[in-house]
Amino acid sequence: MATRIMARLSRRETPHTTWCAQDHRCGVAEHRSPDITADEIGGRAWLTRIRAGDVEYIEIRARIPLHSNEKVARWQLATALQIMRELLNEVFPRLSRLTGREQRPAISRRTA
Ligand SMILES: [Zn+2]
């Protein structure tokens, strides 16, 4: 536990970016953009651009109402998972080109 705390305390402060919020959303070594929101069609999704150290990534959050019928709700969940797989493959194709692997095990793994 003490080691973990020391690791946090030793992070080097990084400057704000041109796109980050430059307020309480940023940390010492993590910078976050204001949320980009899509809410035109019933559900709501938020994208946030993040730089942590020298790595940048997209954080995606979504709130999608599920149907009260369990069968329809499960179809919604399966569809959302499939679309997330497609999204990951579409926006992060570089990994398969670098490794020569077409399938990413964590993405293509089926849930029970
Ligand atoms: Zn910042």
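Arg12 is situated in the loop between α1 and β1. In this predicted model, the residue has a relative accessibility of 67% and therefore counts as exposed, the cut-off for that class being over 50%. When neighbours within four places in sequence are left aside, the contacts of Arg12 are with Val28 and Ala29. Val28 stands 16 residues from Arg12 along the chain, and the C-alpha atoms of the two are separated by 7.3 Å.

Gln22 is also placed in a loop, namely the one between α1 (2–9) and β1 (30–32). The backbone of Gln22 has a phi near 55°, which is a positive value in a residue other than glycine. With a relative accessibility of 45%, Gln22 counts as partly exposed, since this class covers values between the 20% limit for buried and the 50% limit for exposed residues.

The chain as a whole contains 4 helices and 4 strands. Read from the N terminus, its elements follow the order α-β-β-β-β-α-α-α. Of its 112 residues, 16% count as buried. The accessible surface of the chain amounts to about 9,500 Å², and carbon and sulfur atoms account for 56% of that area. Among contacts between residues at least 6 apart in sequence, 14% join residues at least 24 apart.

Within the strands, Thr48 provides an example of a buried position. This residue belongs to strand β3, and its relative accessible area is 1%, so that it falls under the 20% cut-off and is classed as buried. Residues up to four places away in sequence not being counted, Thr48 touches Arg32, Ser33, Asp35, Tyr57, Ile58, Glu59 and Arg61.

Two or more lining residues come from each of the elements β2 (36–38), β3 (44–52), β4 (55–63) and α2 (70–91). Helix α2 makes the greatest contribution, with 8 residues. Classified by residue type, the lining consists of 16 nonpolar, 4 polar and 3 charged residues.

The position of the largest pocket follows from the domain assignment. Domain 1 (1–65) and domain 2 (66–112) both supply lining residues, and the pocket therefore lies between them. Ala80 lies in helix α2, the element that gives the most residues to the lining. The C-alpha atoms of Ala80 and Ile64 are 9.3 Å apart in space, while the two residues are 16 apart in sequence. Ala80 has a relative accessible area of 30% and is accordingly partly exposed.

Terms used
Residues are numbered from 1 along each chain as its sequence is written. This is a predicted model: local features need pLDDT of at least 70, side-chain atom pairs count only at pLDDT 80 or more; totals for chains, interfaces and linings use all residues. Side-chain values use heavy atoms; hydrogens and water are left out. Ala, Val, Leu, Ile, Met, Phe, Trp, Tyr, Cys and Pro count as nonpolar, Asp, Glu, Lys and Arg as charged, and the others, Gly among them, as polar. Domain bounds come from an automatic or database domain assignment. Buried means under 20% relative accessible area, exposed over 50%, partly exposed in between (1.4 Å probe, protein chains only). Contact means heavy atoms within 4.5 Å. Accessible areas come from the Shrake-Rupley method with a 1.4 Å probe; for residues, only the protein chains shown count as cover.
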